[in-house]
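Subject: Structure handover

Hello,

Here is the structure for you to look through. Please open it first, then read the notes below.

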Amino acid sequence: MDLLIKNAKLKEGGAYVDIAVENGVFQAVEQSIAGNGCKEIDAGGNLVVPPFIDPHVHLDAVLSVGDPQFNNTGTLLEGIRIWGERKKTLTKEVIVDNAVEAVKWEVANGVQQIRTHADTTDPTLTTVEALLEVKEAVKDIADVQIVAFPQDGIFTSKDGAPLMEKAMQMGVDVVGGIPHNEFTREDGVADVEFAFELAEKYDALIDIHVDETGDDQSRFVEVMAKLAIETGMGSRVTASHATSMHNFNNDYAFKLIGILKRSNMNVITNPFDNSVLQNRTDGYPRRRGHTRVDELDARGVNVSIGHDSIMDPWYPMGKGSMLQAANLLMHTAHMSGYDQIHRLFEMITDNTAVTMNTADKYGIEKGKPANFSILDTDTVFDALRLNSECLYVVREGRIISEAVPAKRKVIHDGYEHDIDFKLKK
Ligand code: FE2
């Protein structure tokens, strides 16, 4: 045994357990394990959870906010225009530096698996090259999957399709797409079909930016679902964003969710970006910009939460916290019911491992890689409410991040009162 965690809770309200780690894997999870002189950490009854996962982020754009300028309208289109400007002068070194820094932010927030998109529409493919370098550089702290992402469309230029194929040859893991950005509905269908063909050719996963618009006529998720069923690729396929689903008429949405369930596909929602980018032209009343999270979840479709942007032209804020993303979604998706709050936690942990196709190596169980975080709380409720600190982040038995929570005192009536924002028990 190399590491022993004492007094852990694996789930809210559960019994205290001890966790033994040896050679980077969980050796035992039992009520009481005697120490052998190895390093011990007292979890103090706090939650010990598997790593958070960010299944959707654009590491090639992170930490670029304000360069060359800030997005003043807050719209997707201005974001794409600013990104286009930035791409002209972007170097591999800048992308790598910013991406590695953002990965560290995510790790400090308990994330150890990341799926990033890499824009393939720049003919130099500098972004792909840079993110492949990042994947290698951070592998001691996080596992990274890279998606070939045609930001400007696959069929909007003659180079779009060959660049996607070249990215796959360079070693990218996942095929992307962006059907709603193609010039026509027909090209959008071809965009999805191309992604499936490329994924079959390179034995890759699929994760398509699909229907990321308020346009209720944008219906490419159904094309993905049909192909996921026909090809049998099912759980290897993910629809990212799917925001137009919010605006579909209810009869069509009901039918579509049934097909999605049958397809076994995954859906990723991105609360930060989708809450500010979509339905921007509505005026009032102003519709929400994200997909139908509660309906999808209630009908058994695997939904997970992505961060999407961290300080870039599309979304200027963020610090790489999946708990913060889940907290925001609780508000914008009307998911403040007690059970729903726990479902949101699943959407940044277990559900996301299914989306990433990494569930077989995920979780706190004997024999699996010893990857986990010790939170500063014993309830999921407070983890989301307080955006709980990760006191320790452990990867294959090594501590890769530590945090010391802030101490606060209020001086009142001549006495100092400690404040931790928790209910007194
Ligand atoms: Fe995205």
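A salt bridge here is a side-chain nitrogen of Lys or Arg within 4 Å of a carboxyl oxygen of Asp or Glu. This is a predicted model: local features need pLDDT of at least 70, side-chain atom pairs count only at pLDDT 80 or more, and totals for chains, interfaces and linings use all residues. Residues are numbered from 1 along each chain as its sequence is written, and side-chain values use heavy atoms, with hydrogens and water left out.

**Salt bridges**

Side chains of opposite charge can pair when their charged atoms come close. By the rule above, the count comes to 26 salt bridges.

Take Arg395 and Asp143. They form a salt bridge, with the closest N and O atoms 2.8 Å apart. This pair links distant parts of the chain. Arg395 lies in strand S15 (residues 390–395), Asp143 in strand S8 (residues 143–149), and 252 residues separate them. (Helices are DSSP runs of H or I, at least four residues; strands are runs of E, at least two; numbering starts from the N terminus.)

Asp143 is partly exposed, at 39%. (Buried means under 20% relative accessible area, exposed over 50%, partly exposed in between, using a 1.4 Å probe and protein chains only.)

Next, Lys88 and Glu85. Their side chains meet in a salt bridge of 3.0 Å, N to O. Both sit in helix H1 (residues 76–89), and they are 3 residues apart, so about one helical turn separates them. Lys88 is exposed, at 63% relative accessibility. Glu85 is partly exposed, at 36%.

Lys409 and Asp418 also form a salt bridge, with the closest N and O atoms 2.9 Å apart. Lys409 is partly exposed at 49%, and Asp418 is exposed at 57%. Elsewhere, salt bridges that share partners join Lys87, Asp119 and Asp152 into one network.

**The sheet**

Strands of a sheet pair through backbone hydrogen bonds, either parallel or antiparallel. Here 8 strands form an open sheet, and the pairing is parallel. The order is S6-S7-S8-S9-S10-S11-S12-S13. (Two strands pair if DSSP finds at least two bridges between them.)

Which strands stand at the edges? They are S6 (52–57) and S13 (302–305). Each has a single partner strand, so one side of each is left without a neighbour in the sheet. S6 is joined to strand S7 (residues 111–119) by 4 bridges, and the two run parallel. Phe52 has Val111 in S7 as its bridge partner.

Best wishes
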